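Subject: Structure for you to look at

Hello,

Here is the structure I said I would pass on. Please open it next to this message and follow along as you read.

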Protein chains: 4
Amino acid sequence: MRVRLEHSKYGPTAVRLLRVSRKGNRHDIKEATLGIEFEGDFESAHTSGDNSKILPADTIRNTVYVLAKQYSPEPIEEFSAHLIEHFLTYNAQVSHIRIETKEQLWDRIRMGAKSHDNAFARNVAEQRTSLLIGTRNGVEIWAGVNDLVILKSAKSAFGGFLRDPYTTLKETSDRVFAATLSASWRYLAGEIAYSAIWHGVRQSLLESFAEHESRSPQQTLYAMADAVLRNFEPLAEIRLSMSVHDYDPVDLSPFGMQNANEIFVPSSEPESIVEATVRRDI
Amino acid sequence: MRVRLEHSKYGPTAVRLLRVSRKGNRHDIKEATLGIEFEGDFESAHTSGDNSKILPADTIRNTVYVLAKQYSPEPIEEFSAHLIEHFLTYNAQVSHIRIETKEQLWDRIRMGAKSHDNAFARNVAEQRTSLLIGTRNGVEIWAGVNDLVILKSAKSAFGGFLRDPYTTLKETSDRVFAATLSASWRYLAGEIAYSAIWHGVRQSLLESFAEHESRSPQQTLYAMADAVLRNFEPLAEIRLSMSVHDYDPVDLSPFGMQNANEIFVPSSEPESIVEATVRRDI
Amino acid sequence: MRVRLEHSKYGPTAVRLLRVSRKGNRHDIKEATLGIEFEGDFESAHTSGDNSKILPADTIRNTVYVLAKQYSPEPIEEFSAHLIEHFLTYNAQVSHIRIETKEQLWDRIRMGAKSHDNAFARNVAEQRTSLLIGTRNGVEIWAGVNDLVILKSAKSAFGGFLRDPYTTLKETSDRVFAATLSASWRYLAGEIAYSAIWHGVRQSLLESFAEHESRSPQQTLYAMADAVLRNFEPLAEIRLSMSVHDYDPVDLSPFGMQNANEIFVPSSEPESIVEATVRRDI
Amino acid sequence: MRVRLEHSKYGPTAVRLLRVSRKGNRHDIKEATLGIEFEGDFESAHTSGDNSKILPADTIRNTVYVLAKQYSPEPIEEFSAHLIEHFLTYNAQVSHIRIETKEQLWDRIRMGAKSHDNAFARNVAEQRTSLLIGTRNGVEIWAGVNDLVILKSAKSAFGGFLRDPYTTLKETSDRVFAATLSASWRYLAGEIAYSAIWHGVRQSLLESFAEHESRSPQQTLYAMADAVLRNFEPLAEIRLSMSVHDYDPVDLSPFGMQNANEIFVPSSEPESIVEATVRRDI
């Protein structure tokens, strides 16, 4: 019997970084956590314990801090591209690099009509994300948003679905539709205003979710993806994933009351998932 | 040998509730999770399995939904007070009731200059909280905020501290000061505008944190408590708890660079805690 | 208006420690995480930014490592007592010290009939805990277990409970009873075999849970506490807390089937809590 | 501009199931959580809100309970295969089904030399997993283990690695090697004793980890995979993923002490990942 190494990768999982840039008293801060994975010619490390082609995860981590000093980590897409270029240049043994970044978003603290120069609050739960996949042939750039929690209390139905002997679900024309949304989109090549587009796509997702006359999560997801691709030309495709939270109306009839779609029990965890990838035809 | 029951309590831990109130297309939503604990004359249940004084946790949960239908769960302080009054009235065996509420905050989705009628995003990570402790002699009312994450990149020093043979920490006059803040405050008796005050206290905490020339977390915590008590007369006392996250400057000297307080490693978990209770002298 | 500092405390929250002790190739490992809180004369730090009575959390952390080298951190109760003695001796400004320890339990990896000398697996989810509260007048010593998940599929009923108009729960004479158990017990003064007793109490809790003919969680909890206090003389009192997980039988009648207490839906989170403290009469 | 649906899927995410089987007083319990995803001809649901090909997630969930009653959910691999066969038979619109199962492992409570008939403790943190991917052409069967935490305090070195200007890591010939291991393996076609093999593979992973003279995590990972494939003929390939926890020796030299590889600080989260897939040559 023979076995062979089919695939391998390694790297640091959570390189945590804060950068403070100062213009007098006015500070800008940027906080992000990077996961970096190398693929390449590592067979001798696995099979014979020869580490001569293994750049330590510790070195990869140091490099993030050095390059964060030399270049700005803003935006995260360009910083990741710098890192990939650096690692590919100096590491002939590496063929693929994957850098996944999660940015913690900080807002300035409001002081009446003004914003504070150097004090911040992490107002939002969701994260801005990016994923760059670099090879000797080029770099694929994805951006996204993680864990954006949304809910609509109108314009949501679910009916006309397939029934079988185990179907007990009732059709509904008016329900609470709530989900944790994660989105990621791939950019076409070219000059991209990453931060401006990120805010625009996020807003487009929220607006199309809010306005859609939903017959199903599937239809709403597609409508959201469609809106984003129509509004933002630099995007080649978008993947949306909704973890749907059920909000069930409480049965108040045992207590002689009617629940006119008013009192609901939120599920403690998502009950189902709906995902789609929608691509621009070129 | 004899043993005796010194203390006991029970109740449902996470009663999840969403209420939608409708004025035409304009919907208001309120989402909260309640933990309810009863203390009282439960000895026979413990020692002889006689359940005749045990109102099931399931019934307590039902009651939350019934009262949420009859009364508004807005604000959470008044709703909790209704629940306590109900339970004490109909349950002679109960002497103390503790209701802890965590409200999930939802914002309307922005549509240009307007806000959407019935679509929402959970924009904030932190939670509005309340704690009511009711007995036959009255109700103590606490309100608060959980997990407000704050950071200042200026006006923070730490020096002149006690040193012993195991002290290696260096004094600093300029550091990143970051913490997860939880606050809770007790109200004096009287008519209270709970929601207005909550937003005011939250803002006062943020502003006093931002403006303080900090010599230590202890001093900043006290200054924040002091500001809140001076600004909001209905508060009797306030407890502040800061879980402090260390942001250590990266040593770039091995790479021939200077780190002028620019590149930091955020700790992956809080490193220390500082707590204080500050009370109004009456 | 005047305000005053009512109470304050501070300290490091998660001092992580592994100690390897070697007898030739045979290694023993001990992994624990300590939270340490100081109370004392810290008013000037809060009110005027005078840090001269503040021993830094960083120094407290260093001291844990120094004392872990000098003394064994085994058992955690004695190690915590050493730390308290050290801090009280050298810190006149400190009046109370609280040290909470969570021990990660590691088992040796089995190699056929033998156990490995220096390779381990973290086989258990639960944690061994201790809590020592030290003052100038002495030390209170608590030990415990966190998050021990238990389930019995027989000998569990719940009936004869208090009913009101909102009660819909059905009585049952045969149900699944599952809970996450946390226990902590206080020792009387004297020489204690901490580790031997810990294993004994844990086993006594499991056996009394298993054997009890339960009419309610309240009754079972008390029976477990009673068994422990009868079996272990060095214990003054014990607190038990059960987070009860509901396992509801699935209604299969829509599909023409009967569910003879066979198929259940576990709740995704605990649904209720039952707690009791039982004390030895002296 | 045109857009098109590139890919989509949906299904319930966490179908929680406990089955109690009774032979007199002797009960066996099986607890598992299933995630089920359908791919197929769902374009009309996405693009026009036609739900006629959408079997609700709620129905899929019901079906799990019905089939758990009809067949045993033991072992999880065969139960998943039954579910896939059922869904493919009755749902012409579905082309791919993916069922991921996490089994919570329960042990009988020990009563002296015997084990209890119907009382259990969840002694282990790790989970048994399976993943079945079914199409019209057949079913791929994976089994695995999640979150097995392992540590060795001897026989672990790391040296001779690639160095660049940002490398500061020191070589070591004796370190603590700790990781959270997840493994999954694909079976060849044929009759498989799933549960017996699962326990065997788990034990083989532990033993080969314990015995390996490690020059790197890469080498140990490969040695573990190699051992499993040599010992268990029904396996076609195995994927191993190690989230490596750093245990750094504490520098005690500022306190005039030497740390002879005795006192370590465990990292609060994994610091790096190493993964490999090893396949049998056929």
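In which sense do strand 11 of chain A and strand 12 of chain A pair, and over how many bridges? Strand 11 (residues 247-249) and strand 12 (residues 263-266) of chain A are antiparallel, and three bridges hold the pairing. Before going further, note that this is a predicted model.

Strand 12 of chain A

To find this pairing on screen, look for P249(A), which has F264(A) of strand 12 of chain A opposite it. Strand 12 of chain A also pairs with a strand of another chain: two bridges join it to strand 2 (residues 15-23) of chain B, and the two strands run antiparallel. Here I263(A) of chain A stands opposite R19(B) in strand 2 of chain B.

Chain A with chain D

How many residues of chain A are in contact with chain D? There are 64 residues on the chain A side, in contact with 64 residues of chain D. Several elements of chain A each give at least two residues to that side: strand 1 (3-12), helix 1 (43-48), helix 2 (57-70), helix 5 (217-231), strand 10 (235-245) and strand 13 (272-280). The largest share, 10 residues, comes from strand 1 of chain A. By class, the side of chain A that touches chain D has 25 nonpolar, 22 polar and 17 charged residues.

Strand 1 of chain A is also joined to strand 13 (residues 272-280) of chain D by nine bridges, and these strands run antiparallel. One place to look is V3(A), opposite R280(D) in strand 13 of chain D.

Chain B with chain C

The next contact is between chain B and chain C, where 64 residues of chain B are in contact with 64 residues of chain C. On the side of chain B that touches chain C, at least two residues each come from strand 1 (3-12), helix 1 (43-48), helix 2 (57-70), helix 5 (217-231), strand 10 (235-245) and strand 13 (272-280) of chain B. Which element of chain B supplies the largest share of that side? Strand 1 of chain B does, with 10 residues. The side of chain B that touches chain C is made up of 25 nonpolar, 22 polar and 17 charged residues.

Strand 1 of chain B and strand 13 (residues 272-280) of chain C run antiparallel, with nine bridges between them. Among the partners in this pairing, R4(B) has R279(C) and L5(B) has V278(C).

Strand 13 of chain C has a further partner within its own chain. Eight bridges join it to strand 10 (residues 235-245) of chain C, again in the antiparallel sense.

Two helix pairs

Two packed helices are described by the angle between their axes and the distance between the axes.

In chain C, helix 2 (residues 57-70) and helix 3 (residues 76-90) pack at an angle of about 125°, with their axes 11 Å apart. Helix 2 and helix 3 of chain C are therefore oblique to each other. Their crossing is right-handed. From helix 2 of chain C come T63(C), V64(C) and L67(C), which meet H82(C), L83(C) and H86(C) of helix 3 of chain C. This contact has three nonpolar, three polar and no charged residues.

In chain D, helix 4 (residues 194-211) packs against helix 5 (residues 217-231) at an angle of about 140°, and their axes are 9 Å apart. Helix 4 and helix 5 of chain D are therefore also oblique to each other. The crossing of these two helices of chain D is right-handed. Helix 4 of chain D brings V201(D), S204(D), L205(D), S208(D) and F209(D) to the contact, and they meet T220(D), A223(D), M224(D), A227(D), V228(D) and N231(D) of helix 5 of chain D. The residues of this contact are seven nonpolar, four polar and no charged.

Regards

Notes:
Residues numbered from 1 in each chain as written. Chains lettered and ligands numbered in written order. Predicted model: local features only at pLDDT ≥ 70, side-chain atom pairs only at ≥ 80, totals over all residues. Axes fitted to C-alpha atoms, helices over the stretch in contact; angles between N-to-C directions. Helix = DSSP H or I, 4+ residues; strand = E, 2+ residues; numbered from the N terminus. Parallel < 35°, antiparallel > 145°, perpendicular 65-115°, else oblique. Left-handed = near helix turned anticlockwise from the far one by under 90°. Contact = placed C-beta atoms within 7 Å. Nonpolar A, V, L, I, M, F, W, Y, C, P; charged D, E, K, R; others polar. Pairing = 2+ DSSP bridges.
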